[in-house]
Amino acid sequence: MSPDADSSILATLGPLIQTLRAGCVVKPEDELYALHSEPFAIQKQQNPQVVLVPESTDELAAILRFLYASDLDFAIRGHGFKSPSAKHVVVSTMSFNDLEYDPVKKIATVGASATWSEVVAYMDKVDPEYSVPVARTPAIGVAGAILNGGLSWMSTEYGCICDPINFLDAEVVKYDGSVVMASQEPELLWALRGSGGGFGGNAAVFRGKMKTLYAPMAVADLDRDILNRAVQFYDKLGELDQSIQDISSIIFECLLVRPPLGGTAEIAWPRSPNLNHLLLLISSCPGDGSKEQEELLRKISIDAPKEVLGDKLSEAEVNPAGLELEYHSVEAVYREHYEKLKALRSRYDPKSRFKSFF
């Protein structure tokens, strides 16, 4: 983008920037730019011209109100695992990491961008005999995990993190800058339970140097044939391109998935009741890899579920955390909830400005 275009974007943001703290505005030449803008999968980096880092709900509300009314491309980012980016502005919510705990009600209030490792350490400090279901990867942020289903090592006993028994409420900044508790608008709270987001900014670092495509498949059974095909497929990666195999993974997470506590009607992601395990197909190529390697990576990611699962692919379900609009069917993932989520997206994002599956 040309310097003139940069100046134009800054000029557009001028009225907003004048109302913000100096430290709220981060530019590409600033030391903190990479921390607040670099996505996990670097092929999705759009090199935003400006990063805004609010530290309060009021600041976040002012930013969203302004950006939503503008023509600027923007994205809301937590710790970047879902690789959000935008051409013009990224709103980093990494400052929203406060932690509170009510020892009487046994309820933890967790900032949207606190990491799960921070949550575990905090709970161990304030109430060592009590905890909350936490994501399997401790470095990812709280909000992103919940919005994408929230699978936990505790899920078989306590359900997913997004289930109503675990995720009770959220403070949400809506597109017009108004702030609500999601429980005041029950359908909004429902949509936050596994929809992938795109309904506002949640107020209440896992970064890589690879081009990565992530395909988590929830399955009912893992038999010997699937295990053998997984090993064969991984060996095939080495034959195709050793540098891809070196940084790719096939991971089996057994007895991880269970039906939603309270039934599928209670959450946006209607996972099937017969699912038990998660198969992670993580394909990567070096960040400085060629265009040919990137195309090969994409083909591998598309082919992997079929080659590993075989005729059981039709029984598997894509976890929202790995949903890619380019080659996954959103309607197939959300099934009976798809039309309702589309309607809710129209209500909470009438101009379709937020990044969303719907």
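Eight aromatic pairs are found in this structure, which is a predicted model in which local features need pLDDT of at least 70, side-chain atom pairs count only at pLDDT 80 or more, and totals for chains, interfaces and linings use all residues. Residue numbers start from 1 along each chain as its sequence is written, and side-chain values use heavy atoms, with hydrogens and water left out.

A pair of aromatic rings is described by the distance of the centres and the angle of the planes. Here, rings of Phe, Tyr and Trp (its six-membered ring) pair if their centres lie within 6.5 Å; planes under 30 degrees apart are stacked, over 60 edge-to-face, and the rest tilted. Two of the pairs look like this:

| Pair | Distance of centres | Angle of planes | Kind |
|---|---|---|---|
| Tyr68 and Tyr175 | 4.8 Å | 45 degrees | tilted |
| Phe357 and Phe358 | 6.4 Å | 70 degrees | edge-to-face |

Tyr68 belongs to helix H3 (residues 57–69) and Tyr175 to the loop between S7 and strand S8 (179–181), so their pairing ties together parts that are 107 residues apart in sequence. Helices (H or I, at least four residues) and strands (E, at least two) are DSSP runs, numbered from the N terminus. Buried or exposed? For this, buried means under 20% relative accessible area, exposed over 50%, and partly exposed in between (1.4 Å probe, protein chains only). Tyr68 is buried at 4%, whereas Tyr175 is partly exposed at 25%. Both Tyr68 and Tyr175 also belong to one aromatic cluster with Phe74 and Phe354.

Next come the charges. A charge sits over a ring if NZ of Lys or CZ of Arg is within 6 Å of the ring centre and within 35 degrees of the ring normal. Lys340 lies over the face of Trp190, 4.0 Å from the ring centre, and the charged end of Lys106 sits over the ring of Tyr130, 5.5 Å from its centre.

Now to the interior. In soluble globular proteins, nonpolar side chains tend to be buried together. A nonpolar core is a set of buried Ala, Val, Leu, Ile, Met, Phe, Trp, Tyr and Cys residues joined through side-chain atoms within 4.5 Å. The largest core has 69 residues, of which Trp116, Val119, Leu188, Leu192, Tyr334 and Leu341 touch the most other members. Strand S12 (residues 277–286) gives this core its largest share, six residues. A second, separate core of 21 residues includes Val25, Leu67, Phe96 and Phe354.

Contact means heavy atoms within 4.5 Å. Leaving aside neighbours within four places in sequence, the contacts of Tyr334 include Trp269, Leu341, Phe357 and Phe358.

How many disulfides does the structure hold? There are zero, a disulfide being a pair of cysteine sulfur atoms within 2.5 Å. The sulfur of Cys162 has its closest cysteine sulfur in Cys160, at 5.4 Å, which is too far for a bond.
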